[in-house]
Amino acid sequence: MKARHLAVALLGLGFLLSAATPKEVKTVAGMPAQQALALGERMYRQGLLPSGEPMASVVSGDIPVPGTSFSCGSCHLRAGLGSWEGGVVTLATNGARLAQPRYWKFPNLTPAEREELKLQNPPARPAYTDEALAHVLRTGMDPAGRTLHPIMPCYDLNDRDMAILIHYLRNLSARLSPGVDGETLRFATVITEGVSRQDQEAMLVPLNNYVARHNQFSKGFGNRMYLAVGGNEMTGSYRKLALSVWRLSGAPETWERQLEAHLKKEPVFALLGGLSNGAWAPIHRFCEKEKLPCLFPITDLPVVSDTDWYTLYFSKGYYQEGQAAARFVNGMEDLPSTPQVLQILQEGPEARELAAGFRETWQELGRPAAALQERVLTSAELADAEGLRRRLAQEKVGIVLLWVDARSFPALASFGEDRRMFLSSRLLGPQTTAVPEAVRAFTWITYPYRDPLEEPAYSKYADTLLAGMKERYPERRISTRVYSLIQVLRQGLMDMDRHFYRDNLLDRIGMQRDQALPDYLRLSFGPGQRYASKGCFIMQLSPGANPRLLRRSEWVIH
Amino acid sequence: MLRTLFTSLLLLSLLQAGHELQAQGPPPYTRSLESYTVPDVVLVNQEGAKVRLKTMIESGQPIVLDFIFGTCTTICPVLSAGFANLQAKLPPDARIHLVSISIDPENDTPKVMREYLKRYRAKAGWDFFTGKREDIDKVMYAFNAYIPNKMSHYPLTLIRDPKTGKWIRLFGLMSSSEFLAECKRAGIL
């Protein structure tokens, strides 16, 4: 018999066998396991029962709380590895940890020492059986007979709902995520077609330098990712790092398929940085779909969302400048009771995002939509200085947001002091200081970075990663942003320990303290917060031939 | 005689059980009487309205104050559940003003604060404030509650009796009955 026939026969046999004993479909609480998983996830993340009602619990002994106020994930975080805040240790509740017994790390401590070392020395308990899990969730008593801290709520769940939740916990962070094995933790960075060679170099040199240095120097740390700090021992957390470059070409509609192919060929744990000249949305959507973290793509055209999870941005980019302008205008004294506002925008996504940020924030502040007008200028209209001057002279509105680049400067003279005008420094780029002197007194400029006078003290550190780079392009703020990305990543890897779950990396970064790094005055974090810089200055230019930017607002404007 | 012996034995064992629970459980909250000088800063509430903190606190209404933030894990959820539960239990004529002050003014915009209060089913009389970072720092300092890193904050509740202007400082987490008892003891219920 030829090999091929044998294979067919075996296949047939397999088919017969599987027909004889129909492939067992796993069910949980009488439903397909997959469906139970989705319902369990909703319980864990949103505090809603399979019926859609809020879960009922009691916290601190006698305070009833509906699941809509907070859920398991609020304390144990999305990946279930727990948290440490305000002197309270929230233990892990993920599948892998629940299935393991826990032993005292320091068995012979007095109760006082135990209390002091509670982070490093969590109490011993056997592995959880399903019965023990149900018991601890209902009563707060663990399988070692210990009564948990009353901050861990007691849940009133019937047997069916309990089975669904337990099924979810058993599967939550139960196996390490793709992109990591016993030796290597793999990352990729995405570069789309059309990005200049200089920009690519400004990102890739510091990223590659970081990876090379990590692989060269960290071996000395034994089996730990970094030298142990505090109580975190991180035994077994050491991995080499690897970085691939994923290049995308062609129309953005085709990127998803290209990304799928890359990920299939090279499963990575997360994306780092990334460069594109257009909107980041296609890559953002891919990461949501694949549950793939993307840390700090170098873009000012992010997706602005309250709920998306996987991409962590430096800021909301152009949108955030528009928001800052709206808040600043809203707080200006001596405004008429219903100020008339006009947004004039050039074509393209940058101005569109500026205008959207202003519009949505203006409305959120309770300002009437009717008093806000918008006009889009074509490139030809923008280039025609005389035509533009005449047009602007006709506009009789008091507050004008000019989301256009420096081509508009010759036409600005038509504005008189009865106006207040706003421009975006990011859109103007190096031309920002060339705003005509005649209009500076009533022109405000959105400026999303630290005051330039204070910046050098922060940016100089970024140079440490630029070894081997011939030319530097500091005004693009690419290398400096990569430097910040690396600082946040290093801390994130340290805190992730050996628990290599993609969601856990994001959870750990969410628990980081505020950082003063290059470019942005402050980066701040929090569970679910996805835009680390929340601020933007409003500046004016000083008079004279070499004007300076003068701060006219707080960093965060409420 | 036998009965008294039995009762005292029972009492003794109850006491012991109580003692063991104490030794095992979290440290109980602590209580102290304090005087604070409220800084004269203008904060922003969940409606986006500007509010002078000093004027508001010294308006003659009893105040219960805590420090939280919108995306906080573990501590704030429990503090806020305590506020929500206290509101639900207050008699209709109680004029207690619940004041939550953000320690993450970067992220806590009026919109974030409105949504937070809604999650806790807050009723009128519970307000959430954000503001300029320096002003928030001043408030934290004034109440001896300054923390440089929001992730290491701790549970603190402050009660002000308008008759004396003094503050009761409660450090730690309380049950609902303890919280109500503290409000009564402070003379605001």
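The model is predicted, with local features needing pLDDT of at least 70, side-chain atom pairs counted only at pLDDT 80 or more, and totals for chains, interfaces and linings using all residues. Residues are numbered from 1 along each chain as its sequence is written, chains are lettered from A in the order in which they are written, and side-chain values use heavy atoms, without hydrogens and water.

Contact (heavy atoms within 4.5 Å) involves 44 residues of chain A and 45 residues of chain B. The two chains bury about 3500 Å² between them, 53% of it on carbon and sulfur atoms; buried area is the accessible area (1.4 Å probe) lost by two parts on being put together, summed over both. Ile63(A), Glu85(A) and His558(A) supply 19% of the area that chain A buries against chain B, more than any other three residues.

Between chain A and chain B, 4 salt bridges are counted, defined by a side-chain nitrogen of Lys or Arg within 4 Å of a carboxyl oxygen of Asp or Glu. Asp514(A) and Arg133(B) form a salt bridge at 3.3 Å, N to O.

Chain A averages a pLDDT (the predictor's confidence in each residue, from 0 to 100) of 91, and 93% of the residues score at least 70.
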